[in-house]
Amino acid sequence: MSVAAYGRLRSKKRRDRTMNILTFVAVVFFALLAIFPIWWIFRTSLMSSAEIYRYPPALIPGNWLFSNYEKTLEVFKFWKYLWNTMLIIVPSCLAGTFTATLCGYAFARLRFRGKSLIWALCIGSMLLPAMVTLIPLYIGWTRGLGFSDSYWPLILPYFCGGGAFNIFLIRQFIMSIPRELDQAATIDGAGYFRILFSIIMPAIRPAMIVVALFIFIGLWNDLLQQMIYINSSEKYTIALGLTNFRGQLKSDWSLTMAATCLSFAPGVIFYLIGQRYFVEGITLTGLKN
Amino acid sequence: MEAVNKLRKRRSRIYSSEARVAYICLIPAFVGLIFLTYLPLLGVLGISLTNWTGLKSPEFIGIDNYIKIFTTDPYIKDSIIATIYFAFLSVAGSMIYSLFIALLLNRKIPARGFFRAVFYVPYVLPAVAIYVGWSWLYEGNFGFFNYLLSELGLNKILFIADSSYVIPSLSLISVWLAGNLIVIFLAGLQNVPGVYHEAAEMDGANGWQRFRHITLPCMTPIIFYNLLLSLIANLQVVTPALALTNGGPGNSSRFLTYLMYDQAFVNYRIGYASATTVIIFVILAVFTLVLFKTSNLWIYNEGGDDK
């Protein structure tokens with residue numbers, strides 16, 4: 001290697017190192033910016049009203065008033081709302097993931113008449129925005145089937161395949177599993193369902209967890225449907241409870257922020273548990289198209 | 001001959017049992033597609049031709065609802081403007097923000113997983129809590145943003161309580177929520193073949209040139225996917241209006257889906273709201289179609305012939 005080339009390489013290395021340091025500084029800066037709103041909400045939840053309105057505002061509360069949370073819980077029935085939310089989310093996640101796996105398996109592995117037609121219908125429904133069917137479904141659930149002030153209209157759709165997107169995701173994942181595994185099992189005398197339960201399902205566990213997480217997030221955020229199907233405050237979910245609480249306590253910001261932080265908590269915990277799968281699965285949705 | 005027939009029979013038996021399993025697996029999806037997707041789609045078209053209010057039995061009135069919407073409806077124009085304005089700012093903002101952050105995270109930095117989690121976390125928080133929380137940051141007197149403005153010697157702004165700032169303010173929140181786009185972009189960046197970069201670097205291409213001529217073309221399919229995802233989601237925006245603004249101030253955040261909600265579930269004009277739904281559907285379909293039709297102009301196909 002010539003001296004000049006060696007020098008060039010060294011200067012490139014040095015340049016790379018400076019760039020990496022600059023990148024790291026930028027990442028830290030933007031990460032702080034991204035996390036800042038959450039911190040601001042959290043620190044407000046621990047402050048007295050006097051401290052909130054002080055100028056200039058403090059970044060860290062002087063006294064950490066955890067009693068704000070006690071006060072909030074007197075009105076904001078967090079545990080009740082959490083329980084109600086779970087009554088919707090848990091069956092939906094289980095049923096949605098299971099039925100999406102069944103359908104994904106059929107599309108990925110089995111041969112049958114009408115496959116391409118059903119698949120086209122399925123993909124087509126992915127492009128259909130959810131709000132389009134809201135009114136007829138509302139009429140169907142409440143008038144046709146008599147479910148008023150009930151969780152069923154929110155849960156039952158997940159017994160029907162868990163959404164085209166999730167079926168698609170599972171199908172793509174199953175297709176990436178080598179067929180030799182199935183064939184070996186067939187030779188050993190395993191039926192299609194045996195193959196699904198004892199070979200496919202263990203292999204696609206990450207995809208199933210991701211589907212469950214997507215259903216979780218979808219329900220978590222779906223204020224509109226919860227608003228139209230749930231009426232009595234006994235049955236409020238976290239989303240409804242928080243909306244209602246904010247209406248009641250418009251000016252008491254520290255209690256409102258305490259309720260907000262309480263509502264954040266389950267999502268954060270759920271995310272920390274499933275983070276690895278989350279990233280894996282979202283990556284998958286982006287690359288398998 | 002007999003052997004062949006026997007074999008054929010056996011194969012068709014296997015085939016039919018396979019089909020039977022498939023149909024059993026597909027029953028849930030089939031029920032869902034018919035009763036939760038395609039029949040309701042026809043239903044909304046049908047109801048939109050009636051004057052149903054939910055009380056009396058509906059009467060067929062032809063396309064009267066549509067005529068009314070386009071001629072006398074006081075909200076539809078503001079609503080379309082608000083929705084498109086919001087979607088434009090949110091989509092543009094979140095695409096740029098998430099691609100930028102993904103590019104940063106794609107370099108060799110310590111604790112990358114941790115930072116990825118930090119940028120992703122807003123996406124898993126319940127939307128209502130996000131909006132309620134941000135409404136405090138946007139508060140007109142003591143909110144954090146007004147503190148910043150006053151430090152900079154600027155006048156206070158009411159943000160979500162001001163009709164000219166409400167849309168940009170809500171868009172900023174939806175940009176902040178774009179953590180899933182970052183994760184998808186990051187995955188795409190990690191799939192850009194390293195050899196291209198090395199070769200270009202040998203030829204003396206600088207960082208910007210490499211981004212412009214290697215990274216960006218390789219990323220176009222992912223950019224398309226993210227664009228589609230974020231456009232469809234943002235055009236259906238409704239939660240901020242439900243949780244915070246009630247469509248206000250004035251009509252400045254009366255998004256189309258909120259307009260439909262208001263007509264159907266607050267005023268019980270179900271026939272009329274269905275017509276609004278159909279119009280929203282058409283708007284969404286046009287945007288999606290345009291995106292798909294123009295996609296082959298700018299999506300780079302690795303196997304294809306490069307101009």
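Predicted model: local features only at pLDDT ≥ 70, side-chain atom pairs only at ≥ 80, totals over all residues.
Figure 1. Residues 151-170 of chain A are 55% helix and 0% strand, with 26 Å between the end C-alpha atoms.

**Figure 2. Contact between helices α4 and α11 of chain A.** Helix α4 (residues 78-109) of chain A and helix α11 (residues 205-221) of chain A cross at roughly 140°, and their axes come within 9 Å. At this angle α4(A) is oblique to α11(A). The crossing of the two helices, α4(A) and α11(A), is right-handed. On the α4(A) side the contact is formed by A:I88, A:I89, A:S92, A:C93, A:G96, A:T97, A:A100 and A:T101. These residues meet A:M208, A:V211, A:A212, A:I215, A:F216 and A:L219 of α11(A). Sorted by class, the contact of α4(A) with α11(A) holds 10 nonpolar and 4 polar residues, and no charged residues.

**Figure 3. The two domains of chain A and the contact between them.** Domain 1 of chain A spans 3-68, and domain 2 of chain A spans 70-287. The C-alpha centres of domain 1 and domain 2 of chain A are 34 Å apart. Domain 1 of chain A puts 9 residues into the contact, and domain 2 of chain A puts in 10 residues. On the side of domain 1 of chain A that touches domain 2 of chain A, the elements giving two or more residues are α1 (3-45), α2 (49-52) and α3 (67-75) of chain A. Of these elements, α1(A) gives the most, with 4 residues. This side of domain 1 of chain A has 4 nonpolar residues, 5 polar residues and no charged residues.

Figure 4. The chain over residues 80-291 of chain B is 75% helix and 0% strand, and 19 Å separates the end C-alpha atoms.

**Figure 5. Packing of helices α3 and α8 of chain B.** The axes of helix α3 (residues 76-105) of chain B and helix α8 (residues 179-190) of chain B are 8 Å apart, and the helices pack at an angle of about 50°. This angle makes α3(B) oblique to α8(B). The crossing of α3(B) and α8(B) is right-handed. From α3(B), the residues B:S94, B:S98, B:L99, B:I101, B:A102, B:L103 and B:L105 meet B:L181, B:I182, B:F185, B:L186 and B:L189 in α8(B). The contact of α3(B) with α8(B) has 10 nonpolar residues, 2 polar residues and no charged residues.

**Figure 6. Contact between chain B and chain A.** In this contact, 76 residues of chain B meet 76 residues of chain A. Helix α1 (residues 2-47) of chain B supplies the largest share of the chain B side, 21 residues. By class, the side of chain B that touches chain A has 59 nonpolar, 13 polar and 4 charged residues.

Definitions and conventions. Residues numbered from 1 in each chain as written. Chains lettered and ligands numbered in written order. Contact = placed C-beta atoms within 7 Å. Nonpolar A, V, L, I, M, F, W, Y, C, P; charged D, E, K, R; others polar. Axes fitted to C-alpha atoms, helices over the stretch in contact; angles between N-to-C directions. Parallel < 35°, antiparallel > 145°, perpendicular 65-115°, else oblique. Left-handed = near helix turned anticlockwise from the far one by under 90°. Domains from an automatic or database assignment.
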